[in-house]
Every structure is written in structure tokens, then in C-alpha cells.
Amino acid sequence: MTAKDVLEFAKEQGAQMVDYKFLDFIGIWQHFSTPISELTEEVFEEGIGFDGSSIRGWQPIHMSDMLIVPDPATAKMDPFPEVPTLSLICGIEDPITREGYTRDPRFIAKKAEAYLKSSGIGDTVYFGPEPEFFIFDDVRFGSAANESFYCVDSVEGRWNTGREEYPNLAYKPSHKGGYFPCAPTDSMVDLRNEMVQVLQSVGMTIEAVHHEVASGGQQEIDMRFDSLLNMGDTLQWFKYIIKNVAVRNGKTVTFMPKPLYEDNGSGMHCHMSIWKDGKNLFAGDGYGGLSKTALYYIGGIIKHAKTLNAFTNPSTNSYKRLVPGFEAPVNLAYSNRNRSAAIRIPNTSNEKAKRVEARFPDPSCNGYLAFAALMMAGLDGIENKIDPGEPIDKDLYGMSPEELKDVPHVAGTLNEALDALEADHDFLLKGDVFTQDVIEMWLEYKRENEVDPVRMRPCPEEFNLYFDC
């Protein structure tokens with residue numbers, strides 16, 4: 001849509017407000033609204049001024065003025081406000097130079113797509129993420145100098161089989177038993193269906209819907225793949241809709257990777273392929289039906305995996321899921337059909353569907369940054385013909401330490417991932433996709449605001465282990 005088209009669309013839909021959405025550095029949608037009468041064609045060119053110093057990881061206060069510039073192609077009606085509201089996703093610009101803001105994640109995604117085209121390798125990269133999430137009925141937590149606790153609860157939680165519910169009907173998935181029992185054990189069918197309907201109302205194509213492995217309300221809703229920037233936008237709409245549908249039903253959703261102990265965490269497997277002139281460059285006659293290009297792409301991801309973890313697994317909680325010997329694929333091997341490998345090649349005879357799947361990312365990530373980083377690592381593999389080694393067609397979870405001694409693995413902590421990013425990020429700087437300033441700010445923000453606070457606080461389990469030492 002053009003700016004003029006957006007204004008006509010808003011009139012047709014009876015919009016009374018317009019909501020401007022943009023992403024902060026870490027990955028959370030921010031917004032503000034104006035009456036629809038304030039939206040003119042000039043706004044799409046001139047932008048609207050706002051305070052960039054109030055956004056996490058952005059401007060210092062003495063350089064706070066920034067511009068928010070709506071993208072007309074993103075116009076949709078927001079399904080949640082009572083007053084009909086037009087929604088626009090926006091880019092961020094410097095008000096003096098009118099250049100895109102280097103710390104704007106959406107601008108980074110745009111530059112990644114431009115770099116792919118300029119490389120001559122391909123013209124489109126497709127991403128198909130599979131974000132998992134938990135639906136809870138009650139969440140309480142607190143952290144102070146003298147106490148720290150959390151408590152989550154779900155009507156489906158196996159831990160509630162003995163709770164006095166008057167009556168307790170007992171249909172609660174066992175730990176690791178949520179994949180795929182029918183109702184009444186799966187009690188979330190109607191809620192998931194409502195989520196799907198709202199997702200579809202904003203133009204999203206949904207391919208599959210199901211309960212996930214964990215007890216306590218773990219779910220998965222799979223969406224159709226799309227180009228990098230579009231999928232970044234879609235992932236933001238996905239999280240926004242899932243959370244708001246849950247809240248209006250008296251429930252709450254978290255995309256936190258590991259909210260429950262001793263049950264499966266939430267991942268976000270990412271399917272990827274590169275195309276050029278309408279042809280899938282990953283289809284070939286090599287291992288798993290892949291081309292040399294696809295195998296080199298895998299080589300790049302394996303080589304830079306620990307650096308990628310800083311963006312694909314960007315929370316301290318991510319590494320409660322990425323633990324060797326448990327459910328998450330931490331071993332950096334690739335394999336056909338094998339879900340225990342960090343890189344899986346889905347089995348298909350359709351050339352258009354040939355792709356590679358990175359299984360270590362999780363849904364706490366900023367999609368624009370994670371997708372851009374994955375693509376840049378894969379392109380580095382293609383450009384430098386990085387050999388991914390031999391595939392491993394075994395259950396990696398069942399292999400002995402001796403068998404796995406030469407198999408690399410993902411980072412074990414967020415701090416390790418950040419150290420890897422600090423040491424290995426030249427491939428991200430190509431084409432000015434990520435800048436040195438972005439890398440440094442990401443490292444600084446994550447260490448000061450996430451790694452250090454978690455590292456310095458006692459946790460309840462330490463009292464269980466050490467109080468009587």
C-alpha cells in the first residue's frame with residue numbers, strides 16, 4: 001500500500017485512532033497513538049518526533065530527538081482496541097540526517113536483505129520460525145535484597161492432580177506428556193482456535209496448531225514462512241496477538257524459554273532457504289537433497305553458532321533449556337530428519353520445500369536480529385565455502401561423551417555467548433548490516449542489565465544446597 005492507499009483503507013474500516021508500533025533494541029514492541037485525523041500523507045514522509053532516550057539501549061538524553069516513520073505496507077486494523085484502530089509498524093530515523101537508525105532492529109533486517117541482494121548469492125531469504133509458548137493461569141514472582149521467589153500455575157499442571165478443585169477432574173498432561181493427547185487432557189483447543197482466528201484476521205497464514213510436550217499448558221502455533229523483514233513483522237504480531245487473546249480469556253502467556261523445572265522448555269526452530277530468480281538455491285543432489293550452497297550455509301551456522309546464540313538465545317533463561325543431555329539440541333551437528341541435531345534437514349521430495357532448520361533458537365529473541373544474524377552466518381559459510389563436516393545420523397542424545405568429544409556445541413551460558421560475539425563478529429559487519437556500535441551496545445546492555453543481576457543474586461535452590469554448610 002501507498003500512503004494514499006492507507007488513508008483510504010483507514011476510512012473504509014472506520015478507523016478512529018492510529019497506533020504507531022516499533023521495536024526497542026531488546027525486542028519488545030513499543031507504541032503510541034493519535035486520532036486518525038492527525039494521519040496525513042505527509043506523516044509517511046516527514047515522520048513524527050519522539051524521545052529516543054526513553055527506549056532501552058537507544059539514545060543518550062542529550063541526543064534524544066528521533067523520528068518515527070510509519071511503513072504504509074504494514075497497515076492493518078488492530079484487533080484488540082474497542083475503538084477501531086489502524087496499526088502501522090514504523091522505522092526509526094535520525095531527524096537531522098534522515099538516515100535509518102543503526103540500533104533500530106527493523107532497519108538491521110532491511111540492511112540484511114539488501115546485503116543478500118548485493119552479494120549476488122540470492123535475492124530472497126525465507127524464514128519459517130516455530131515459536132513455542134506456555135499458557136498459565138497464575139504467575140507470581142518477586143526479587144528483593146532478602147527474598148526471591150517465583151510461582152507459576154496452570155489448570156493443566158501435573159502438579160495439581162491432588163489439588164482440591166471441587167471437583168478435580170484429573171485430566172492434566174503428565175510431565176513431557178503433552179504431545180498430542182486429545183481433549184479433555186488437552187484443555188486448550190478452544191483458546192488456540194481463537195488465537196488462530198485472530199492471527200488470520202491480520203493476514204497471517206497458519207499451518208498447524210497443537211499442544212506441545214510439557215505439562216502446564218505448553219503450545220505451538222506454526223505460521224507460513226516469509227521473507228526476513230516480513231517474518232520479523234509477523235513474529236511481532238504473533239506475540240502481540242497470542243498474549244492479548246490469552247489475557248482477554250483470563251490467562252497469561254510467556255515466551256520465556258524455560259519457566260518449568262524438569263519439563264521441556266520452549267524453542268523456536270527456524271527453517272531457512274535462499275532463493276534467486278524464483279529458484280530455491282538449497283535444492284540439490286547432495287546429502288539430504290541439499291545443494292553445495294545449502295551445505296556451506298550450514299557450515300557457516302556451525303562455525304558461528306556461539307556468536308549466534310547471543311541473538312538467537314539472548315536471555316539467561318535460554319541456557320536452562322540448552323543443557324547437554326536433555327531435550328534441547330545443543331550438539332552442532334547436521335542430519336537428515338534427525339531432531340536431536342542442532343541443524344536438521346526436513347525430509348521432503350519437493351524442491352521448493354528444501355530448507356535447513358536451526359533447532360537451537362528460542363522465542364525470547366528479537367526476531368529481526370536473530371534472523372539477520374543467522375542469514376549473515378550462513379552467507380559467510382557460502383562465501384568462504386565452509387565445510388560443515390560429515391552428518392551424524394544417530395540419536396545424539398544417546399551418544400557417549402567419547403563419541404561426542406569432537407562434536408562442537410552451543411554456548412552454555414549467556415555470558416559465554418556474549419564473549420563469543422565479542423571475539424567473532426566481523427561476518428555481522430559486512431554490508432554495514434550490524435555496526436560496531438550495535439555490537440558494543442548489545443554486549444553492554446546484556447551484561448549490565450541481565451547477566452550481572454542474575455549472577456549476583458542468590459537463588460532459592462542455593463539455600464536448599466548450602467544453608468547448612
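Tutor: One thing before we start: this is a predicted model. Let's take helix α7, residues 305–312, and helix α9, residues 367–383; their axes come within 8 Å.

Student: At roughly what angle do the axes of α7 and α9 cross?
Tutor: They cross at roughly 165°. Angles over 145 degrees count as roughly antiparallel, so α7 and α9 are roughly antiparallel to each other.

Student: Is the α7 and α9 crossing left-handed or right-handed?
Tutor: The crossing of α7 and α9 is right-handed.

Student: Which residues meet there, in α7 and α9?
Tutor: From α7 you have Leu-308, Phe-311 and Thr-312. From α9 you have Leu-369, Ala-370, Ala-373, Leu-374 and Ala-377. By class, the contact of α7 with α9 holds seven nonpolar residues, one polar and no charged ones.

Student: And α6, how does that sit against α9?
Tutor: Helix α6 spans residues 292–303. Its axis and that of α9 come within 6 Å, crossing at roughly 120°. The crossing of α6 and α9 is right-handed.

Student: Which residues in α6 and α9 meet?
Tutor: In α6 they are Thr-293, Tyr-296, Tyr-297, Gly-300, Ile-301 and Lys-303. In α9 they include Leu-374, Met-375, Ala-377 and Asp-380. The contact of α6 with α9 divides into eight nonpolar, four polar and two charged residues.

Student: New topic, the core. How many residues are in the largest nonpolar core?
Tutor: It has 121 residues. Those with the most contacts inside it are Leu-86, Phe-127, Met-195, Tyr-297, Phe-360, Met-375 and Phe-434. The largest share of this core, twelve residues, comes from α9.

Student: Take Met-195. What is it in contact with, leaving aside neighbours within four places in sequence?
Tutor: Met-195 is in contact with Phe-133, Ile-135, Ile-221, Ile-241, Ile-242, Val-245, Ala-246 and Val-253. There is also a second, separate core of seven residues. Among them are Ala-333, Ile-392, Leu-404 and Val-407.

Student: OK, what about Val-454, where does it lie?
Tutor: Val-454 lies in helix α13, residues 436–456. Its relative accessible area is 46%, so Val-454 is partly exposed. Its C-alpha atom is separated by 9.7 Å from that of Asn-317, a residue 137 places away along the chain.

Student: Where are Pro-167 and Pro-184 found?
Tutor: Pro-167 is in the loop between β9, residues 148–153, and α4, residues 189–201. Pro-184 also has its place in the loop between β9 and α4.

Student: Which residue other than glycine has a positive phi near 60°?
Tutor: That is Glu-262. It lies in the loop between β13 and β14. Lys-385 has a positive phi too, of about 50°, although it is not a glycine. Lys-385 is found in the loop between α9 and α10.

Student: Is Glu-262 buried or exposed? And Lys-385, buried or exposed?
Tutor: Glu-262 has a relative accessible area of 57%, so it is exposed. Lys-385 is exposed as well, with a relative accessible area of 57%.

Conventions:
Residues are numbered from 1 along each chain as its sequence is written. This is a predicted model: local features need pLDDT of at least 70, side-chain atom pairs count only at pLDDT 80 or more; totals for chains, interfaces and linings use all residues. Side-chain values use heavy atoms; hydrogens and water are left out. Axes are lines fitted to C-alpha atoms, for helices over the stretch in contact, and angles run from 0 to 180 degrees between N-to-C directions. Helices (H or I, at least four residues) and strands (E, at least two) are DSSP runs, numbered from the N terminus. Angles under 35 degrees count as roughly parallel, over 145 as roughly antiparallel, 65 to 115 as roughly perpendicular and the rest as oblique. A crossing is left-handed if the near helix is turned anticlockwise from the far one by less than a right angle, and right-handed if clockwise. Contact means heavy atoms within 4.5 Å. Ala, Val, Leu, Ile, Met, Phe, Trp, Tyr, Cys and Pro count as nonpolar, Asp, Glu, Lys and Arg as charged, and the others, Gly among them, as polar. A nonpolar core is a set of buried Ala, Val, Leu, Ile, Met, Phe, Trp, Tyr and Cys residues joined through side-chain atoms within 4.5 Å. Buried means under 20% relative accessible area, exposed over 50%, partly exposed in between (1.4 Å probe, protein chains only).
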